[in-house]
Amino acid sequence: MSKGKIKEQEILKTIRAEENWEPVGPTPMPEISDLRRWDRRLLKTYKPFYAPFCDLCCFCTFGKCDLTGDKKGACGINISGQQGRWALIFSLMGCSAHGAHGRHLVDYLIEKYGEDYKIDLGGQVAVEAPHIRTVIGLKPETLGDLRKAIEYVERGIINGVSATHMGQEGNDIDFESKSLHIGMLDHVAMEVADIAQTIGFKFPTSVADTPLVPLGWGAVDKSKPVVTCVGHNAAVATVMIDHLMKNGIYDQVEVTGICCTAHDNARYSDKTKIIGPLSKQLFFLRTGIADLVITDEQCVRCDIPELAKAAGSALIATSDKISYGLDDVTHKEVDEIIRLIVEEKKQVLIRDVDKAGEVAAKVLPLVAKGRTKEILTKEKAQELANKCTACGMCDRVCPNLLKISAATSGVRDGKFENMSDLFAKCIGCGKCEQECPKSIPIITLMQAAASWDTYNVRVGRGPIHDVEIRKVGAPIVLGTIPGIIAIVGCSNFPEEIEEVVEIAEEFAKRKYIVVLSGCAAMAAGYKKDAEGKTIYEKFKPEFDAGGVLNVGSCVANAHITGAAMKVANIFAKLPLRANYEVIADYILNRVGAVGLAWGAYSQKAFSIGTGCNRLGIPVVLGPHSAKYRRLYLSRKEEDDWTVMDGRKKELINTEEPSPEHLSTVVESKERAIITLAKLCIRKNDTPQGRQLKLNHYISLYKQYMGTLPDDLQNFVRNDKDIPIVYKKEVTEYLKSVGWKPKPLLTLPTLIGTYESNIPIEAVVK
Amino acid sequence: MSLPLHYVNVLTGLKGCRVIEDPQALGKVMKKAERPLLVFGPRCIDIDLGGKLAIEYGVEIAKTMGAATCATAHTKKKLLELGVTPDSTYDAVEIINHLKDPNWVGVKKQGNHDLVMFLGMRTDFGNQGLSTLKHYAPHLKTITLCPYVYPHATFSLANLKVEKWKEYLENLIQSLK
Ligand code: SF4
Ligand code: SF4
Ligand code: SF4
């Protein structure tokens, strides 16, 4: 540690260094530059690739400065530095959203239960918090310990933000290192938030086979009073559900949710319903099916007050992060607030969780009284569309480049197929409508073309169980389970929402482990097979070959990366405690896990992805994510792929670009599938494991590209790696490209390939 | 929009594409290239220009001017069906990453390209890739062959209706002969 004595003592005290569950590793509570050498090593192979979204910088009053090409700003920053700065800013925004979420939950629960309230994730989860253990070096036992973890994240955020100030950091690689650091902290923050809510709201844990809950707007019984919670923080909803039960009316109402609050509501009570991801927020709120809308935090539209008013829904905002300019009635008596909502039709802000929950439960039946909720009929839709001139103004503003005019003019002419297709691809922004010179309510028209079927999602299960890790650890590391495909993130999908299901199913059928979370987990439920089954009914819910699991909301993503860490710990027996570099190196070289964020749009998704990258997990992104403006790409076989053979302590040029990229964007579903299969390849694969991985890579490549992969020579180390079914043609192909066997090694590691305090022995167990 | 005298007042940037309305003029630029490359994006597989797919126009352009080809996304399959073996297969961001390096060997290992044409990418995604090249690859010129203005390209077509686009591509091919 390059820290002063006092600070060192402080850290050792915070992490209770005297507890000997594991020796304290080299980096307890790392500061923003403590893992800089690891980052620089990663970034040497996976260099930042920038696609500037803006040529200018307008951060300070010296600007605007044009940074095109080799021009510098008045402060001296160049275009790469500026892109790195954006990357850091995005990571900070994402990490702060989860951090503040975690802080809110922890503070609320400490008020309720006290700071000594125990962390207990059930009999199946002994390694309760791999991120907190690995990054901080603390084995958290209580809510008070979670508060320590969040305080650590908060300190990191201040430092990170300060570096973005004009006249501070200017080097792109250092910005990226800081961004990676903040991404790492984001996973700590998410872990805190999910553990806090799991113990505080008594979500089921240590259960794989969680119930299925109804999914879709069609699942809602609109004859009952309907409340819709929008956002990511289920605290208010849990209190509301308790009150609804206490008042004896829970079965007479519909508790629904959009986005991650819906996932967490379902973990609290499987009688709740999930409407869908963010992309269906505007569509659903416009229907007016919700009698009461409750907003909390993150991914909530900024115009909900307006939408709720137009649809006749009452609105309670509950977070100090989204106050909408509403009157803060937190200090008023419950009955008075109810009167304001019911009689004065006021939209209110209630910042007290318990009070907001109580008001919501009491006000729901009252605001629902006398409301009729009519879904737009085809006839009425045709009437509303009759002024469409097919002018195409709507097409020009669509961020998903959709052909809206064909759909609206179709409806005008009584044809709804194009509108149904449009709805399947629409990301729900509402920009088309705002542009229409004829004021055609395009989003409303979608009601007449949407499917009103009911689907389902498996309730989020939280952490992966230690016993599951014990079972799959060896096959994952040896490669005989071909990979873990984590399908996560938001709903800014480039094409039909169903693509997510198709990708998930392709890998589940091939016995990869498919893990989902957040909006992607909802999207995966939106398709039924011929027998009417969704993907959650077709595949087992275990973390095992061929399993399809939903871990839960966005903050549950920490359990996916946590599972990779647990493989290093439970299977490979590497200590987690303050041992980040060793664990990340292990995952990069030996755990074939890849993330797919097909519809990533938020800064949270960016920071989650960046945190995955620091931990050695590659991420594939959909085409919209080119607008994040930063990727981490290798130059494939042209780069230097030398690693250390940990056993022989020799540097070996493996000539193998695996994993090929750390963060990449692909344009089509087909390519995404191929890329995911390829990015599961790890240097540690046994011949048997490599054969299996190549078998899938080849078969998928053939299916979608029509030939053998033209980079196959990069991933065949010797004859034993060649899949038997393709032996003849692969051998011929390799001969034609002049392939030669590559050096073999037994324990690949980057430790020893760069200056580091970590001895090579630390990776050999 | 005109540029302000003092660049500090500029709206969104100073360097943008030149829209070339005349296919002959574009043809002239293309003919000057020594090592041109045509990059196929997935959208040109499905666009039918009156019995001929957009990708087929791309193939014809590449053949006529002797340009190397790169299949991105899943376009390789369609090219093979059309009897064309692309010179390289990359994701769009991968080929762009290579093109940034002036010393790269190029897809035919004869040196980096001096002109890169794009056909069939999503406009938003394509424009991002072109931004990378605008900033980091001053050694090459970029041309977009889709019927949309791509602000980050060196040369772009105008926003064209399908019939006009077809006509443009046909005239362009003629001018390349
Ligand atoms: S921060 Fe630097 S580049 Fe940005 S406006 Fe100020 S001087 Fe210009
Ligand atoms: S902008 Fe309005 S009138 Fe024009 S095509 Fe779209 S829906 Fe029709
Ligand atoms: S609401 Fe849907 S169709 Fe309309 S502009 Fe947005 S994404 Fe396009």
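The legends below describe close-up views of a predicted model.

**View 1. The surroundings of ligand 2.**
In this predicted model, ligand 2 is surrounded by 13 residues, and the closest of them are A:Cys388, A:Cys391, A:Gly392, A:Cys394 and A:Cys436. Two elements of chain A, helix H14 (393-397) and helix H15 (404-412), are the ones that give two or more residues to this shell. Sorted by class, the shell around ligand 2 consists of 8 nonpolar, 4 polar and 1 charged residues.

**View 2. Strand E16 of chain A and its cover.**
Strand E16 of chain A, which spans residues 593-597, is mostly covered, with 5 of its 5 residues buried. The cover extends to both faces of E16(A): A:Ala593, A:Gly595 and A:Ala597 are buried on one side, while A:Val594 and A:Leu596 are buried on the other.

**View 3. The strands that pair with E16 of chain A.**
Strand E13 of chain A (residues 484-487) runs parallel to E16(A), and 4 bridges join the two strands; within this pairing, A:Ile485 has A:Val594 of E16(A) as its bridge partner. E16(A) is also joined by 3 bridges to strand E17 of chain A (residues 619-621), again in a parallel arrangement, and here A:Gly595 stands opposite A:Val619 of E17(A).

**View 4. An open sheet of three strands in chain A.**
This view shows an open sheet of 3 strands of chain A, arranged in the order E20-E19-E22 with antiparallel pairing. Strand E20 (650-653) and strand E22 (748-749) of chain A are the edge strands, each of which pairs on one side only. The pairing of strand E19 (residues 642-645) of chain A with E20(A) is antiparallel and comprises 4 bridges, and in it A:Val643 has A:Ile652 of E20(A) as its bridge partner.

**View 5. The interface between chain A and chain B.**
Where the two chains meet, 53 residues of chain A are in contact with 40 residues of chain B. The size of an interface is often expressed as the accessible area that is lost when the parts come together. For chain A and chain B, the area buried between them is about 3,700 Å², of which 50% lies on carbon and sulfur atoms. A:Phe49, A:Arg635 and A:Glu667 supply 18% of the area that chain A buries against chain B, which is more than any other three residues supply.

Key: Residues numbered from 1 in each chain as written. Chains lettered and ligands numbered in written order. Predicted model: local features only at pLDDT ≥ 70, side-chain atom pairs only at ≥ 80, totals over all residues. Heavy atoms only, no water. Near = heavy atom within 4 Å. Nonpolar A, V, L, I, M, F, W, Y, C, P; charged D, E, K, R; others polar. Buried < 20%, exposed > 50% of the residue type's maximum accessible area, 1.4 Å probe, protein only. Pairing = 2+ DSSP bridges. Contact = heavy atoms within 4.5 Å. Buried area = accessible area lost by both parts, 1.4 Å probe.
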